Amino acid sequence: MKYSLQKTIEILEKVAEDSLGLNFYPIEFQWVPHEVLMSVSSGPFPIRFHHWTYGRDYYALSLHNRLGLSHLYESFFYGKPSYAFIKDSETPMDQILVIAHCIGHGDFSTNNSLFKYGNKNIVKTVIRHAERISKMETLYGEKQVEETLDLLFGLYFLVDTNKSLNRAPYPEPERVLVREPHGEFDDLLLEKNEKRERWQEINKEFPPFNEYDLLWFLYHYADAPDWKKEIIKIFREEMHYVTPIIKTKVMNEGWASFIEWLLVREADQRYSLFDESEFINLIKTHAIITSVAPSMFLSPYALGFALWKKLFTENSEDISNLLEIRKNYEDIGFIRDFLNRETVEDMGLFEYQRKNAITTVTSKDIEEIRSRLMNLMAHMYSPNVYLPRGGWDRNGGTLRLHFKRDTERDLDLTHAENILKALEKFWGNKIILEVETEDPQKILILEAVDGTVERKPLSQK
Amino acid sequence: MKFPYDLFDRGKIDKRRYDKRLRDIIKSRLPAIISKENIITGKRGKKVKISVDLLEVWQFKYGKNGKSVGMGGGNLTPGDYITQGEWIPGLPGQEPAGQVYEQEFTLSELIDIMLEDLNLPNLDDKKHAVNESESYELQARARHGGMHFIDKRQTFKEFLKRLVAQHKINQRVENQVITNEDMRFKSFIPRNKEILSAIIFFLLDASGSMDYETLYLVKAFFFYLNEFLKRKYDFVEREFLSHDTEAYIEPDEESFFKRAGAGGTCSSSVFLKTKELIDEKFPPSYWNIYLFYFSDGENFEGDMPLAVKAVKDILPQVNFIGYGEIRTDNSYYTGPLLSKFLKELGSEKLKIVTVRGKTDVYDALQIFLKEV
């Protein structure tokens with residue numbers, strides 16, 4: 001390496017801005033020991049309130065790393081400034097790649113429209129939240145807090161980021177006087193001063209439309225102590241930070257991998273940063289991450305990189321169009337518009353079906369694969385569960401949820417039953433889940449009441 | 001910005017929470033694990049794998065069946081079967097969290113988890129026996145002794161103390177002299193160590209009706225009991241008594257298992273003998289006394305009232321009596337069992353458990369030793 005690490009970073013950032021036209025909020029790089037990186041990476045935020053799942057994931061991540069099954073390079077958290085944690089034991093060459101990768105992430109999160117309203121100062125927020133939750137653990141007991149958090153983790157994707165974070169509650173029921181339009185023969189049919197009008201009750205249905213943000217709903221309408229509601233508020237706020245990441249996983253990781261490749265190449269061309277052997281090593285390492293090894297799981301890095309690279313080539317290596325695309329798309333649209341036969345063939349993509357113990361290849365057709373991918377990504381990779389219009393019986397207190405089977409996959413019933421149990425406990429009243437099944441005529445009903453869950457098959461109404 | 005370190009260290013801290021959850025789940029599954037694994041005869045270091053697929057947060061999620069997309073399958077065609085082993089499953093780090101983890105535990109660890117919450121009931125920690133085969137303690141304050149045993153440091157300290165008392169401390173030290181009164185010597189005095197005292201009586205019905213299977217279950221119970229005592233109360237005394245129509249004091253556990261399998265059954269004998277021992281060697285004012293008795297309950301009918309009386313007499317002196325009645329399917333006995341009679345005593349200090357199989361051994365331990 002020709003220059004010091006610090007100088008190389010400066011050069012990379014300069015080339016990124018000047019030659020590639022990228023722009024990103026300042027990135028604060030932090031070099032940390034391996035263990036801290038594991039700690040930091042075992043959740044969506046570098047630090048957060050305590051939860052046993054982080055312990056589990058920290059353990060799993062460390063195990064995988066120790067066994068050489070995955071090589072974690074960095075952890076990036078968007079914001080203004082953004083934070084990037086790098087393992088201090090990486091070789092300088094590997095660190096260069098990681099830094100270029102982070103610049104890619106920085107640029108993506110600064111420009112992609114989904115990130116526009118994300119909390120730019122998430123670390124401060126998360127620390128504050130963690131302190132609040134810690135206090136609650138002292139006041140109300142670790143177990144109670146854990147129970148609430150467990151429920152929220154289970155419903156984590158039931159947030160609707162299309163609506164504002166702090167939208168107002170539903171309008172309350174009212175009786176209004178409604179005037180009807182003047183009829184043709186009213187002057188004959190009506191009495192002298194009679195008018196066509198009547199009292200009508202409005203806003204009778206709760207919710208007044210299909211509610212996809214169950215966490216918001218629970219926050220406003222659950223009969224729970226204030227501190228539990230505060231936890232919901234905290235969790236929702238943090239989820240708002242995370243949802244853009246989930247919805248742009250392929251684009252984001254692809255972009256970071258793409259920029260990693262492009263930036264290092266570009267910077268070396270202009271400034272001769274590396275000698276030949278170093279450069280070859282860089283290319284090799286990069287290739288490993290974006291490689292298409294046979295796998296049942298489609299790597300977002302590999303897919304994203306392949307798509308961006310293809311777009312780059314199609315645009316005669318002019319990055320301007322790509323800059324536009326990275327601003328306005330999210331994963332589902334990205335796949336819909338840019339995944340074509342060529343990519344499917346290059347990457348050897350295939351659709352397969354798992355049925356009990358048997359796995360079969362079902363398709364290699366571009367149309368089917370594309371729609372399958374879009375299906376998988378729908379609703380943040382989760383089942384479409386929502387509270388339908390009128391699903392809350394305000395008199396009896398029952399909540400009727402609905403699972404819409406719009407991705408041809410079935411709900412895991414054991415999980416569903418267990419979370420309904422927890423939800424019922426929290427809500428304090430009966431919870432019903434209508435589960436659409438493969439047979440459009442049959443709906444399975446799960447009823448959670450008094451701590452037990454019952455299953456009832458029913459024909460579609 | 002500076003990150004608060006303890007939140008930063010969440011990996012380890014949260015791992016502790018995870019471990020606790022894991023342990024709770026293991027505990028609830030122990031009965032099944034015990035019956036599957038040969039914990040008693042297995043080597044301590046032998047590893048047992050427990051799949052902990054339960055350690056996920058409950059969520060609305062898709063089931064395992066369904067369609068998905070893979071990569072790198074250029075050579076595959078629709079209709080091909082994919083079996084694990086031919087495929088590399090892909091980077092696990094990209095799998096969603098909550099997959100099946102198989103955690104390994106050594107047998108020792110499992111036993112630790114199993115015995116974690118158990119305690120000797122009604123233990124009175126004020127009871128101390130004087131242990132006579134004690135230790136000698138070094139006492140450094142003797143004013144007399146041979147020069148060979150002089151404690152220089154203590155002597156010098158005393159010297160300085162005297163100077164301070166005599167207001168001579170500011171004068172030149174060389175002019176001062178260590179006197180005989182300053183000297184201190186090391187000496188050894190016998191120290192009677194007071195330790196918490198507990199005596200566990202292991203009582204076994206060694207009669208003819210105690211067959212191989214039954215004895216196996218008793219062995220299992222005593223195994224766990226010993227592991228438990230080893231971990232928590234390694235200073236307890238033990239006495240082993242067996243009986244058929246009369247009672248025998250055994251030198252160790254093995255002996256009464258060797259003897260078992262012949263003779264008639266008079267349970268009263270062993271309780272009477274135990275009482276003799278208590279009166280002779282283990283006064284209740286100094287000792288916490290525990291009895292664990294195992295039998296198949298097929299006592300001579302005529303002995304039943306005597307047995308009940310013997311237990312009734314001994315109850316006031318003991319902290320706790322645990323009686324495990326082993327009923328495997330092999331017995332043809334149709335008469336009344338000892339437990340029926342003992343239940344009538346209705347004492348809080350007497351707990352009766354019926355053991356039918358390996359998993360009941362674990363339950364027996366819980367009933368005897370877990371604080372409710």
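Which residues line the second largest cavity? The model is predicted: local features need pLDDT of at least 70, side-chain atom pairs count only at pLDDT 80 or more, and totals for chains, interfaces and linings use all residues. Residues are numbered from 1 along each chain as its sequence is written, chains are lettered from A and ligands numbered from 1 in the order in which they are written, and side-chain values use heavy atoms, with hydrogens and water left out.

The structure holds 2 cavities of 30 Å³ or more. A cavity is a set of points, on a 1 Å grid over the protein atoms alone, where a 1.4 Å probe fits but cannot get out. Its volume is the space filled by probe spheres set on the points, which are joined across faces, edges and corners. The second largest cavity has about 50 Å³ of space. Its lining (residues with an atom within 4 Å of a point) consists of Leu97(A), Glu260(A), Trp261(A), Val264(A), Arg265(A), Phe279(A), Leu282(A), Ile283(A) and His286(A). Helices α10 (249–271) and α11 (276–289) of chain A each supply at least two of the lining residues.

Chain A has 17 helices and 12 strands. These are DSSP runs numbered from the N terminus: helices are H or I with at least four residues, strands E with at least two. Of the 461 residues of chain A, 54% count as buried, that is, under 20% relative accessible area with a 1.4 Å probe and protein chains only. Contact means heavy atoms within 4.5 Å. Among contacts in chain A between residues at least 6 apart in sequence, 71% join residues at least 24 apart.

An open sheet of 5 strands in chain A runs in the order β8-β9-β10-β11-β12, with mixed pairing. Two strands pair if DSSP finds at least two bridges between them. The edge strands, β8 (384–386) and β12 (452–459) of chain A, each pair on one side only. From one strand to the next, the twist averages 20 degrees. Strands β10 (residues 431–436) and β11 (residues 442–449) of chain A pair in the antiparallel sense over 6 bridges. In β11(A), Ile445(A) is the bridge partner of Glu434(A). Helix α17 (residues 413–427) of chain A packs on this sheet and touches β9 (399–404), β10, β11 and β12 of chain A. The direction of α17 makes about 40 degrees with that of β11(A). Axes are lines fitted to C-alpha atoms, for helices over the stretch in contact, and angles run from 0 to 180 degrees between N-to-C directions.

The two chains are joined by strand pairing. Strand β6 (residues 350–355) of chain A and β2(B) pair in the antiparallel sense over 5 bridges. Arg354(A) stands opposite Gly66(B). Strand β2 (residues 66–70) of chain B is mostly covered, with 4 of its 5 residues buried.

In chain B, strand β10 (residues 288–295) is largely enclosed by the rest of the structure, because 8 of its 8 residues are buried. Asn288(B), Tyr290(B), Phe292(B) and Phe294(B) cover one side, and Ile289(B), Leu291(B), Tyr293(B) and Ser295(B) lie on the other. Strand β7 (residues 198–205) of chain B pairs with β10(B) in the parallel sense over 7 bridges. There, Tyr293(B) is the bridge partner of Leu203(B). Strand β11 (residues 320–326) of chain B also pairs with β10(B) in the parallel sense, over 6 bridges. Phe294(B) has Gly324(B) as its bridge partner.

Definitions and conventions. 1 Å grid on protein atoms, 1.4 Å probe; cavity = no way out; pocket = protein on both sides within 12 Å on 5 of 7 lines; lining within 4 Å. Buried < 20%, exposed > 50% of the residue type's maximum accessible area, 1.4 Å probe, protein only.
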